[in-house]
Amino acid sequence: MNLLILTLVLLVALGITLYHRLSLLVTTLTVAAILVLYSLQMSIPYVHWVVFLAIFIPLNLKPVRQIISGKLLKVFKGIMPTISDTEQEALDAGTVWWEAEVFGGKPNWKRLHKVPPAKLSKEEQAYLDGPVEELCKMIDDWTISEYDRDMPPKMWEYIKKNGFFSFIIPKEYGGLGFSSYAQSQVLTKINSCSATVGSIVSVPNSLGPAELLLHYGTEEQKKHYLPRLASGEEVPCFALTAVEAGSDAGAIPDKGIICKGDWNGEEVLGMRLTWNKRYITLAPVATLLGLAFKLYDPDGLLGDEEDLGITCALIPTDTPGVNFGRRHHPISTPFQNGPTTGKDVFMPLDYIIGGSKNAGIGWRMLVDCLSAGRAISLPSGATGGSKAVAYTTGAYARIRKQFKVPVGYMEGVMEALARIAGKTYLIDAVRTFTAAGIDTGEKPSVASAIVKCHTTNMSREIAVDGMDVHGGKAIIMGPKNYMAKAYQSAPISITVEGANILTRSLIIYGQGSIRCHPYVLKEIAATQNPDTKQAVKDFDKALFAHVGFAASNKIRTFWLGLTGSRLVFKPKSDFTGRYYQQLTRFSSTLAFLSDVTMGVLGGELKRREMISGRLGDMLSYMYIASSVLKFYEDKGRPAHDREIVQWSLDYCLHQTQMAADGVLRNFPISWMGKLLRIVVFPLGMPVSAPSDKIQRKVARQLQEPGAMREELTHGMFKTPAEFNNAAKVDRALRMQLEIEPLVKKIATTLGVKPDNHQVVIFAEQAKNEDIITNDEYNLIIEAEKARLDIINVDDFETEEMVHEKI
């Protein structure tokens, strides 16, 4: 019995040291101390000492341990997936940030709260209140989309004159030098009015010539081009996507050959380029073409290497042989987008960004810049569009009545409204949090992929729900339709900067599992080290730390499952504390499942995208949930946000749980999946989707002009203006709420229950009988007119329906 108790004590002690991730030395000393104390008090437990010495002595003796590591290194090399040069450059790009904490199994919440809140400078706020506000007043999205299929010349001129192409360009080169958060706020506001205008403004301020010049251009290139880009004298585009290479950008067939040729009457060393690009935003109107291509030096004019690799160049579009000007028509959202081609176009080597020394490093340049850029432009578009949908749909659901009640009071509609509000909050939170991180100097490549993928996906889901709530109102095109363009344009952002289907599995988890794991990247580096002796040392250090990490996460996962994670430290004592605890639990679960899955599948995991996608979802939703907690904290934890924060966190945690359940249900070795379930969910799955009670509260709040609704849609364009339908819907909502007591008074006094179309009739009767005043009657008339203007749809003469074919 005493030996049994000793065994249990040793196991508990080992579990505690692993749970707290104490060092191998501390663990060894702890176990040894227990054995010594027992030996002094009872008798020497020979079996326990033998097991202890057999395990812990080799582990603590590096020369012995490295013999084992050397053999394992050979095995590891055999099961490691092949990593291409482009994949390696992607892995090396950017930084890892909060996503690594989420992946690590034990998030440091103090680190989360230390991230400086996203804020605008006075200059940035003034720009939003001034030039951005004026631009939004000018936007007539119906005319832009259906008739002109372009911004009018005065808008182009206004954008160029007021620096809308210069957010990322430093002031020393004539730009505005805005923070990432300020860029995001500007794009959010513009996109709440028009995805077309938002796309035109976003491209020069995201991955493109200005960004690449800032990081890699020669000083001469910067001084020449950046002021011209800032002033709008040059309109840039960047051509990466080829006909045969979309998301697999590393496979672009476009090429350049190093050769000598005539340039301005002189023979110079240059390159002859051939390309066929498509989907290039601003290409039809660009004056400066950024181009990615593969560069070859068959005659050794630059050195011994023939295949130099992907290279980026800046080419004035008036260069002989450059073809541009034709346009695509992207799902009736007519931002300037089109193809560009060239065949055997000669140009000097100084057209390469950074000069000839940067020949062949174009892919590294692109992925390094994209590691931050993904988190700005497209998430901002998703935020602006989603805020507009939430603002208008909440109001419409309240003023549109069926069966004598607002449709927003019907529980089926409430579900959709709650999803619209909750997902809009999620999008805004994760966009804001990640922009704040970038402004601290981070270039979070995995986090930016999470933000791009999930904000654009959620914005499409929001648009679908908005369409459903509006019903027929949303499908009839015309100036009154403020929903359809959000619905039409949502798929565009999902396809660009890496299609979301591939981003979810290949980048978020494919790269995330390597970049965010504390030891895998070090193990991979050891396998590629030609110095065998050093490789074994590095691999040994990483491997045994990895083993301890995996064991710790197994213990943590099981213990947190048994206790419901209620014993975990929570940094906040209010209702959010429980969410911090649950996120800590799921962080350990992700780390544990990742190690087991990587160990079982090895290189095969790269091709098992259903499994890796679910693991990526766990990482994504925990990152998004963290951003909600940070967003709520930075806002001062307002009471009116409580329900929407609860909805958002319940949604994220439920999605995380169901992703883990999907991994376990579909684990490649079924019996192992069942055993893993005992570790992960020993007491069953703990998290429920947002409750009906919470959904009803959130839906009600979205339909009332209160603090939650106003803050949720903060940053979108709300100013009453000729073309601003959102302001018109809000006005109709406020007026309807203002007359409701009058309508109720009329109904009670006259003993009637007026249908929608009878309100004016009974109001006139009430006025004539002095039940209401003339001013009150006029208010009812005005409110009903505003309501009908919103719920009515457009119609056209037959001739207006015909677009003249050019």
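A disulfide is a pair of cysteine sulfur atoms within 2.5 Å. The views below show a predicted model.

**View 1. Cysteines without disulfides.** The structure holds zero disulfides. For Cys 259, the closest cysteine sulfur belongs to Cys 312 and lies 19 Å away, so the two are too far apart for a bond. Cys 193 has its closest cysteine sulfur in Cys 136, at 3.7 Å, which is also too far for a bond. The limit that decides both cases is 2.5 Å. Cys 259 counts as buried because its relative accessibility is 16%, and buried means under 20%.

**View 2. A negative surface patch.** Five residues are shown: Asp 299, Asp 304, Glu 305, Glu 306 and Asp 307 form a negative surface patch. One of them, Asp 299, sits in the loop that links β4 (288–296) to β5 (307–316). Asp 299 counts as exposed because its relative accessibility is 59%, and the exposed class starts over 50%.

**View 3. Tyr 487 and Gly 385.** Tyr 487 is part of helix α20, which spans residues 484–495. Along the chain, Tyr 487 and Gly 385 are 102 residues apart. With a relative accessibility of 41%, Tyr 487 counts as partly exposed, a class that lies between the buried and exposed limits.

**View 4. Arg 149, a residue with positive phi.** The loop between α9 (141–148) and α10 (153–161) contains Arg 149. The phi angle of Arg 149 is near 50°, a positive value in a residue other than glycine. Arg 149 counts as partly exposed, since its relative accessibility is 30%.

**View 5. Asn 264, a residue with positive phi.** Asn 264 lies in the loop between two strands, β2 (255–263) and β3 (266–281). Here phi is near 55°, again positive in a residue other than glycine. The relative accessible area of Asn 264 is 69%, so this residue is exposed.

Key
Residues are numbered from 1 along each chain as its sequence is written. This is a predicted model: local features need pLDDT of at least 70, side-chain atom pairs count only at pLDDT 80 or more; totals for chains, interfaces and linings use all residues. Side-chain values use heavy atoms; hydrogens and water are left out. Buried means under 20% relative accessible area, exposed over 50%, partly exposed in between (1.4 Å probe, protein chains only). Patches are made of residues with over 30% relative accessible area and no salt bridge: like charges are joined within 9 Å, nonpolar side chains (Val, Leu, Ile, Met, Phe, Trp, Tyr) within 5 Å. Accessible areas come from the Shrake-Rupley method with a 1.4 Å probe; for residues, only the protein chains shown count as cover. A salt bridge is a side-chain nitrogen of Lys or Arg within 4 Å of a carboxyl oxygen of Asp or Glu. Lys and Arg count as positive and Asp and Glu as negative; His and the chain ends are not counted. The place of a charge is taken as NZ of Lys, CZ of Arg, CG of Asp or CD of Glu. Helices (H or I, at least four residues) and strands (E, at least two) are DSSP runs, numbered from the N terminus.
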